[in-house]
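Please look at the sequence and the 3D structure shown here.

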Amino acid sequence: WDPQAALAAQLALPGNRSREYNIANIYGRWATTDPQAALASALQLKDAAARDNSVRRVLSQIALTDAPGAIQAASQLTGRMREQALGEIARIWAGRDAAAALQWAQNAPKESERRATLRSIMPELARSDIQSAVRFLESLPVGTLKNELVGSLLGTWSYTDPQAMMNWVNSQPPGALKKNALIQAINQLSYQAPVTAAPLLS
């Protein structure tokens, strides 16, 4: 299989979503055998949408076996593409080692990247270790980030143990966090199973 020939065939076609999808798939496959060459090539694409999708696909493929290496590569990017790539890498890493991903995210160099990566990690951490997810959330200062992560936590917890989730929400002291958590919990449970949710919300 010749990835460059496959790319040339796609690049000769008119630009559309199908073309972007196919190009990203080629890069994803290429990254399984030569990730550095695939990344270098993807970064040279002139079509911005195809470039961004393909770079993220390559970095996601690298993250499956070498998350720190993928982060190092993504750190060379700029702007929104960098932030999105880091968030996706963090999500993949958290699915394999949530504690390590969380430790890295807490020390992300930029506040916007810290927020983006923590939002990606929280659902995976909640799936693998709900108590660690709760402890981390409770350790954060009151503010926008904490409120954002409440939604990520409850979105997962409502599926795995809705009773424990409601017990935690009701145990929170009065204030903006509890109000936000209660709204999130009601929305989650009402959407998932309104009949079985009714006793938990009473």
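## The nonpolar core

This is a predicted model. Its largest nonpolar core has 60 residues. Y27, L59, L153, L154 and W168 are the residues with the most contacts inside that core. Helix α6, which covers residues 79-106, gives the most to this core, with 12 residues.

Apart from residues up to four places away in sequence, L59 touches L39, A70, A73, A74, L77, A85 and I89.

## Helices α4 and α5

Helix α4 runs over residues 48-63 and helix α5 over residues 67-74. The two pack with their axes 7 Å apart, at an angle of about 150°. Angles over 145 degrees count as roughly antiparallel, so α4 is roughly antiparallel to α5.

On the α4 side, the contact is made by L59, I62 and A63. On the α5 side, A67, G69, A70, A73 and A74 take part. Sorted by class, the contact of α4 with α5 has seven nonpolar residues, one polar residue and no charged residues.

## Residue T156

T156 lies in helix α9, which spans residues 144-160. Is T156 buried or exposed? The relative accessibility of T156 is 7%. Buried means under 20%, so T156 counts as buried.

Which residues is T156 in contact with, leaving aside its neighbours within four places in sequence? They are P123, A126 and R127.

Definitions and conventions
Residues are numbered from 1 along each chain as its sequence is written. This is a predicted model: local features need pLDDT of at least 70, side-chain atom pairs count only at pLDDT 80 or more; totals for chains, interfaces and linings use all residues. Side-chain values use heavy atoms; hydrogens and water are left out. Helices (H or I, at least four residues) and strands (E, at least two) are DSSP runs, numbered from the N terminus. Buried means under 20% relative accessible area, exposed over 50%, partly exposed in between (1.4 Å probe, protein chains only). Contact means heavy atoms within 4.5 Å. A nonpolar core is a set of buried Ala, Val, Leu, Ile, Met, Phe, Trp, Tyr and Cys residues joined through side-chain atoms within 4.5 Å. Axes are lines fitted to C-alpha atoms, for helices over the stretch in contact, and angles run from 0 to 180 degrees between N-to-C directions. Angles under 35 degrees count as roughly parallel, over 145 as roughly antiparallel, 65 to 115 as roughly perpendicular and the rest as oblique. Ala, Val, Leu, Ile, Met, Phe, Trp, Tyr, Cys and Pro count as nonpolar, Asp, Glu, Lys and Arg as charged, and the others, Gly among them, as polar.
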